[in-house]
Amino acid sequence: MSTSDKSDDDLPAQWSHEPHHHLEFRSGDKVVDIDPDATPGFTGSKRDAPELQAERNTRFAGLQEMLYAGSRAGDTRSLLLVLQGMDTAGKGGIVKHVVGAGNPQGIRYASFGKPTEEELAHHYLWRIRKALPPAGHIGVFDRSHYEDVLIVRVHNLVPPDVWEARYDEINAFEKELVDSGTKIVKVAMFVSLDEQKRRLAERLDRPDKFWKYNPGDIDERLLWPQYQEAYQAMLDRTSTDYAPWHIVPCNRKWYSRLAILELLIEALKEFDLSWPPADFDVEAEKRRLASA
Ligand code: AMP
Ligand code: MG
């Protein structure tokens with residue numbers, strides 16, 4: 001990174017390839033084989049993380065602003081980050097420390113918990129559609145429509161033939177989004193059962209973390225194998241060429257944050273953004289201002 005022939009546009013030296021090469025789900029990948037302690041593609045160390053993250057947060061913020069600026073000039077594209085993971089995987093930390101580096105003006109955040117009565121009265125994509133990012137925005141889904149094939153499948157909240165039909169339906173829904181100019185970055189965050197226990201214990205030890213704790217988290221934790229199966233089906237059936245899943249190991253928060261930050265930067269760079277040109281005569285305006 002310190003080599004002078006690299007522009008800030010380049011991937012930091014600590015990454016051996018763009019993270020998506022390491023993290024993209026490939027047909028045949030097995031959830032049971034994921035090592036949540038791993039740091040795929042990262043050759044640096046934890047000590048590099050604070051500085052690197054600050055630097056890449058700035059890069060991300062610059063691109064985000066350019067996306068937003070473009071929309072003011074008529075560009076209708078947007079980005080949607082989908083975060084899925086079990087409790088304590090670190091979804092909130094991504095929102096706070098990664099997306100939080102951006103300008104709130106261009107961020108559309110939505111979290112999806114247990115549906116309200118009103119939401120239940122509608123199709124499961126109803127609340128999702130309402131939360132999609134407008135033109136120029138980055139949308140962040142803290143949980144998503146995938147809950148409707150995860151917790152819903154694990155607990156059989158609807159009959160099997162109903163959740164079964166959702167995989168294809170979700171693919172069609174995402175295809176429609178991509179075709180209308182929304183780039184989708186899907187991230188499945190994996191924390192180990194041991195690490196989850198440690199993080200839940202910390203929540204119970206710290207009054208400033210009680211708000212994140214939910215007694216139901218333990219019930220879901222006891223269904224880990226069923227969740228692994230549901231996550232496997234989700235990855236197998238909804239990782240498409242237009243909206244692939246990324247598998248991010250999350251036992252090391254510094255790694256998961258750097259990796260997801262880099263996935264966002266990569267996606268924004270693919271937009272090939274530029275600052276919108278002035279729609280006024282700059283020189284004439286300078287002259288007018290000088291004598292105003
Ligand atoms: P949290 O993200 O910690 O606030 O927890 C939200 C809870 O709501 C999680 O247990 C989710 O699995 C659950 N949830 C989210 N979406 C749905 C859904 N469509 N049906 C049932 N439960 C859901
Ligand atoms: Mg929770």
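User: Which residues are around ligand 1?
Analyst: Asp 87, Phe 112, Gly 113, Lys 114, Pro 115, Arg 127, Arg 143, Glu 147, Asp 148, Ile 151, Val 152 and Leu 157, each with a heavy atom within 4 Å of the ligand. This is a predicted model, where local features need pLDDT of at least 70, side-chain atom pairs count only at pLDDT 80 or more, and totals for chains, interfaces and linings use all residues. Residues are numbered from 1 along each chain as written, chains are lettered from A and ligands numbered from 1 in written order, and side-chain values use heavy atoms, with hydrogens and water left out.

User: How does that shell divide into nonpolar, polar and charged?
Analyst: There are 5 nonpolar, 1 polar and 6 charged residues, with Asp, Glu, Lys and Arg as charged, Ala, Val, Leu, Ile, Met, Phe, Trp, Tyr, Cys and Pro as nonpolar, and the others, Gly among them, as polar.

User: How far is the side chain of Glu 147 from an oxygen atom of ligand 1?
Analyst: An N or O atom there is 2.7 Å from that oxygen. A polar side-chain atom of Asp 148 is 3.1 Å from a ligand nitrogen.

User: And the backbone of Gly 113?
Analyst: A polar atom of it is 3.2 Å from a nitrogen atom of ligand 1.

Methods
Polar contact = N/O pair within 3.5 Å; in protein donor to acceptor, adjacent residues only side chain to side chain.
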